[in-house]
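Here are a few notes to go with your first look at this one. Have the viewer open and follow along point by point.

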Amino acid sequence: MSLLKVERLDVRHGLLQAVRAVDLELQEGETLALVGANGAGKTTLLRAIAGAHRPAAGRVLLDGADVTTAPAYRRVRLGISLVPEGRRLFPGLTVEENLLVGGRSGRKGPWNLDAVYGLFPALRELTRRRARVISGGEQQMCAIGRALMANPRLLLLDEVSLGLAPVVVQALYETIASVGRQGTTVVLVEQDVARALGTATRVACMLEGRIVLERDAAAVSRDQIVDAYFGLRRGAAA
Ligand code: ATP
């Protein structure tokens, strides 16, 4: 059985339909790169899977159980964790307090404070610092650590590399790959398609709210992704 199944999902922002009849299936242990241009609907789809945005139609199933109407906090308990765009840490709390908030789901598993500090040694030096005063890269580590503290089965990462220095991005991606190797299923929204493909086992491309391409990452060419990304049909008359 798939870990995640999304069936004919429609998600709206008022009159605007941001996600249109999306079907998606993920098996345990897969890492999916979800790519697409600005406004394609990637963030909205992740938020609907995480329970942060109620869909207008369709279903979200986790391990076969329908969670479409379950609130976000209950989905965290069931094993879905979102690292939102812009991190959304609690700025007045310390790094360690932010991590502990993530651990309140009560889910058992390998992730605890020690494991997160093992993954991100830089955070161990910052445990008592407030989240608002640490660097962007450190905040991103803290946001990922907070999500891992819930011991997710499905980790949703929304543009975690945005605005970070290349060396920090490289380190984050090594971490994401290692989390994937440890068996966590990952969905990765990323603007840098090449980077996302370097980590993912599968790729899905969104265009105007729809998934227009879905393949094994090893079986997809750069041209196929570019065509899907821009809605081009190569060979069609200009
Ligand atoms: P980006 O890479 O820019 O984050 P995205 O692929 O994640 O893009 P979404 O952020 O999901 O796309 O946006 C999909 C569509 O929904 C866009 O047309 C966007 O303008 C619209 N949208 C997103 N959030 C809201 C909102 N809170 N209210 C109204 N419209 C929204």
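1. Start with H1, which gives the most to the shell around the ligand: three residues. Keep in mind that you're looking at a predicted model. Of the 14 residues around the ligand, the ones that come nearest are Gly39, Gly41, Lys42, Thr43 and Thr44.

2. The backbone does some of the work here: a polar backbone atom of Gly39 sits 2.7 Å from an oxygen atom of the ligand, and for Gly41 a backbone N or O atom is 2.9 Å from a ligand oxygen atom. His13 uses its side chain instead, with an N or O atom 3.4 Å from a nitrogen atom of the ligand.

3. How much of the ligand does the protein bury? Taken alone, the ligand exposes 630 Å², and the protein buries 60% of that. Strand S2 (16-26) and helix H1 (42-50) are the elements that give two or more residues to the shell.

4. Next, have a look at helix H3 (residues 95-102), where Val95, Glu96, Asn98, Leu99 and Gly102 are buried. They're on the same side of H3, because they cover an arc of only 160 degrees around the axis. What do the buried residues of H3 pack against? Their partners are helix H4 (113-119), helix H5 (121-124) and helix H6 (136-148).

5. Last, confidence. The protein averages a pLDDT of 92, and 98% of the residues score at least 70. Strand S1 (residues 4-13) has the highest confidence, at 98, while helix H7 (residues 166-181) has the lowest, at a mean of 87.

Conventions: Residues numbered from 1 in each chain as written. Predicted model: local features only at pLDDT ≥ 70, side-chain atom pairs only at ≥ 80, totals over all residues. Heavy atoms only, no water. Buried < 20%, exposed > 50% of the residue type's maximum accessible area, 1.4 Å probe, protein only. Helix = DSSP H or I, 4+ residues; strand = E, 2+ residues; numbered from the N terminus. Arc of directions from axis to C-beta. Contact = heavy atoms within 4.5 Å. pLDDT = per-residue confidence, 0-100. Near = heavy atom within 4 Å. Polar contact = N/O pair within 3.5 Å; in protein donor to acceptor, adjacent residues only side chain to side chain. Areas by Shrake-Rupley, 256 points an atom, 1.4 Å probe, with all protein chains shown as cover.
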